[in-house]
Amino acid sequence: MKQRRISATYMRGGTSKGVFFRRSDLPHTSPERDCVLLRATGSPDPYRQQMDGMGGATSSTSKVVVVWPSSEPGCDVDYDFGQVAVDKPVIDWSGNCGNLTSAVGPFAISQGMLRVPRDGIAQVHLRNRGMDARIDAYIPMSDGEVVEGGDFELDGVAFPGAEIRLEFLQSDHGADSSSTSDSLFPTGFRMEQLDVPDVGRFDATMTTAGNPTVFVLASQLGLQGSEGQTRINTDAVMLAKLEAIRVCGAVRMGLARSSKEAAEVCLHAPQICFVAMPSEFVAASGRVVPAAEIDLNARIVSMGKLHHAMTGAGAIALGVAAATPGTLVSQLLNGARSSIRFGHASGSIRVGAEADEVDGACRVTKVMLSRSARRLMEGSVFVPADVFAPQERERD
């Protein structure tokens, strides 16, 4: 079996890992590109292990990112984020990964895509093309290289690294650097009741900030909000209930035309986040997180499973919901807040958002989040040549 070699870098960004590619190294048509990337990651795999590819068989580790120099005014780098289904031949390009966003700038710098200071902090203007979202990344540099080691600790990651500050300047489509409540809350309501067939009625806030997300109360699910992965991911009934809410939310938000489309195509969006008042819990590391350390508990479900920490885009959505009066999250906090520390399954983290009211609409200008990133491997991935279209195979 003949194989094709494709340049790639395996990177950790925040609490996620993914395979990064230069757009110029991939097929130009979307269907063929997806076939190649699916094969590179080992999907679809009926055994759900991605044994024959680079994927890690979880939502946090089955990801790809395609990067190229931007031609958009005010942007340095464009990128596409793809959430790769483990057991289905589907890559969802519609959202973003806030965790891997922290690795886009370092990857682009290492690939020579832009000029940056030799020392100090490089400010890199990013654009996520799937959501037309703008992000500024502040990346530490030393002697012409990205600093990857440091003392910044992130719950959910075993080793400390260098802090990369991210400022999400736009949460959804549009050319402005701010978003109003009309665009952040696509149903037109900051909080409403979501009727889920055969499941029940839930108070919900649905937002497109960061990544489309549906917020619900843990108490209405019969949960405490302090649960870990084992408790949720071994409960088939609860996972089915959460998926039903997600599917219903997808249709309500206009992300899918039908429940069938939401269940089969829109796998990554929206995500479901259930929240609760702060309470003490034991993180995945065994550390006891006291209630006094956090403002609320939040758990997020991604690709049908409880995330081991918190998705970066989910943290952004949570920060926006906390800063916006009238949402389920701000009501739980007894008022809007510009900065919160919340508990997740692996510990806690802080997120901030700048928001104000303009003519009765909430205007969010910036969401701030810190992450770290590191190159894990640089080289090539191999993909069987028969995956490529005939005209591509002729190059070999």
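Biologist: Why is Ser59 called buried?

Modeller: Buried means under 20% relative accessible area, exposed over 50%, and partly exposed in between, with a 1.4 Å probe and protein chains only. Ser59 has a relative accessible area of 13%, so Ser59 is buried. This is a predicted model in which local features need pLDDT of at least 70 and side-chain atom pairs count only at pLDDT 80 or more, while totals for chains, interfaces and linings use all residues. Residues are numbered from 1 along each chain as its sequence is written, and side-chain values use heavy atoms, with hydrogens and water left out.

Biologist: Where is Ser59 found?

Modeller: Ser59 is in the loop between helix H1 (30-41) and strand S3 (63-69). Helices (H or I, at least four residues) and strands (E, at least two) are DSSP runs, numbered from the N terminus.

Biologist: What makes the pair Ser59 and Ser302 a polar contact?

Modeller: A polar contact is a pair of N or O atoms within 3.5 Å; within protein, one must be able to donate a hydrogen and the other to accept it, and residues adjacent in sequence count only if both atoms are side-chain atoms. The side chains of Ser59 and Ser302 make such a contact at 3.5 Å.

Biologist: Which residues does Ser59 touch?

Modeller: Contact means heavy atoms within 4.5 Å. Leaving out residues up to four places away in sequence, Ser59 touches Gln83, Ser302, Met303 and His307.

Biologist: Is Asp80 buried or exposed?

Modeller: Asp80 has 5% relative accessibility, so Asp80 counts as buried. Asp80 lies in strand S4 (residues 77-84). The side chain of Asp80 makes a polar contact of 2.7 Å with that of Arg129 and one of 3.4 Å with that of Arg33. The C-alpha atoms of Asp80 and Gly130 are 6.1 Å apart, although 50 residues separate them along the chain.

Biologist: What lines the largest pocket?

Modeller: On a 1 Å grid over the protein atoms alone, a pocket is an open set of points with protein on both sides within 12 Å along at least five of seven lines, whereas a cavity is a set where a 1.4 Å probe fits but cannot get out; lining residues have an atom within 4 Å of a point. The largest pocket has 28 lining residues, and Arg48, Ser302, Met303, Gly304 and Lys305 lie nearest its centre. H5 gives the largest share of this lining, four residues.

Biologist: How much space lies in the largest pocket, and what volume has the largest cavity?

Modeller: A volume is the space filled by probe spheres set on the grid points, which are joined across faces, edges and corners. The largest pocket holds about 670 Å³, and the largest cavity about 50 Å³. There are five cavities of 30 Å³ or more.

Biologist: Which residues have the most contacts inside the largest nonpolar core?

Modeller: A nonpolar core is a set of buried Ala, Val, Leu, Ile, Met, Phe, Trp, Tyr and Cys residues joined through side-chain atoms within 4.5 Å. The largest one has 65 residues, and Phe20, Val67, Val275, Leu318 and Phe342 have the most contacts inside it. H7 supplies the largest share of this core, eight residues. Another core of 22 residues lies apart from it, including Val214, Ile232, Leu239 and Ile272. In soluble globular proteins, nonpolar side chains tend to be buried together.
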